[in-house]
Amino acid sequence: MAYVIEPLGPHHDRGAFCCGNDIIDRFCRERALNDHQRYKVRMRVAREENSSRVVGFYSLVTSVLEPKRILKLPKFGSRPIPAIYLAMLGVTEEHSGNGLGQALMYDAFERAALIADNAGAYCLWLQAVDDRTVGYYEKLQFQKIEQGGRDMYIPIETIKDLIQSV
């Protein structure tokens with residue numbers, strides 16, 4: 001199936017978005033456009049060609065991490081670590097399992113690399129919603145920030161290597 005991934009706009013139909021997670025679903029349907037337009041986050045949505053219905057999305061925001069939080073971190077001293085936060089990612093249940101989530105992740109990787117090249121960021125980080133998604137992100141080379149937690153990060157250098165290998 002062919003998808004278009006683009007910035008969120010008022011013409012996108014988010015009303016029926018359902019990925020099975022109530023928090024993600026409500027955010028997409030009710031708050032995403034407002035937050036995007038006010039630059040609280042930057043939203044990218046996926047839609048099928050010739051349709052305005054959102055079938056997947058992710059959001060990015062600039063952030064910092066406290067240096068003591070990351071295991072095996074290069075020396076940042078006591079300075080906050082510049083980072084990009086993958087605030088949310090969702091794919092509708094009907095489009096789950098067909099590669100759309102991975103396409104959205106790689107689009108986020110490309111955006112994170114571009115941001116890092118222009119503003120400086122050590123990593124992309126996120127909070128996995130459950131243990132199953134922790135495993136998914138580990139396959140993409142994300143590492144846990146703290147033992148047993150669901151906060152994870154991937155260095156920008158690793159992202160650039162992954163982009164080049166695709």
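**The largest pocket and its surroundings**

Mentor: In this predicted model, the largest pocket holds about 780 Å³ of space. Its lining consists of 31 residues, and those nearest the centre of the pocket are Leu89, Gly90, Arg132, Thr133 and Tyr137. Two or more lining residues come from each of helix H1 (22-37), strand S4 (81-91), helix H2 (100-119), strand S5 (123-127) and helix H3 (131-139). Of these elements, S4 contributes the most to the lining, with 7 residues. By residue class, the lining comprises 15 nonpolar, 13 polar and 3 charged residues.

Tyr137, one of the residues nearest the pocket centre, also belongs to the largest nonpolar core. That core has 30 residues, and Tyr137 is listed with Leu86, Met105, Phe109, Leu124, Phe142 and Ile159 as touching the most other members. The elements giving this core two or more residues are strand S3 (54-65), S4, H2, S5, H3, strand S7 (151-155) and helix H4 (156-165). Whereas S4 gives the most to the pocket lining, the largest share of this core, 9 residues, comes from H2. Leaving aside residues up to four places away in sequence, Ile159 is in contact with Phe109, Ala112, Ala113, Leu124 and Ile154. Another core lies apart from the largest one; it has 14 residues, including Leu8, Cys28, Ala32 and Met43.

Met43 is also among the residues touched by Glu6. Glu6 is found in strand S1 (residues 3-7) and is buried, since its relative accessible area of 17% falls under the 20% limit. The side chains of Glu6 and Arg47 are joined by a polar contact of 2.7 Å.

Methods: Residues are numbered from 1 along each chain as its sequence is written. This is a predicted model: local features need pLDDT of at least 70, side-chain atom pairs count only at pLDDT 80 or more; totals for chains, interfaces and linings use all residues. Side-chain values use heavy atoms; hydrogens and water are left out. On a 1 Å grid over the protein atoms alone, a cavity is a set of points where a 1.4 Å probe fits but cannot get out, and a pocket is an open set with protein on both sides within 12 Å along at least five of seven lines; lining residues have an atom within 4 Å of a point. Grid points are joined across faces, edges and corners, and a volume is the space filled by probe spheres set on the points. Helices (H or I, at least four residues) and strands (E, at least two) are DSSP runs, numbered from the N terminus. Ala, Val, Leu, Ile, Met, Phe, Trp, Tyr, Cys and Pro count as nonpolar, Asp, Glu, Lys and Arg as charged, and the others, Gly among them, as polar. Buried means under 20% relative accessible area, exposed over 50%, partly exposed in between (1.4 Å probe, protein chains only). A polar contact is a pair of N or O atoms within 3.5 Å; within protein, one must be able to donate a hydrogen and the other to accept it, and residues adjacent in sequence count only if both atoms are side-chain atoms. Contact means heavy atoms within 4.5 Å. A nonpolar core is a set of buried Ala, Val, Leu, Ile, Met, Phe, Trp, Tyr and Cys residues joined through side-chain atoms within 4.5 Å.
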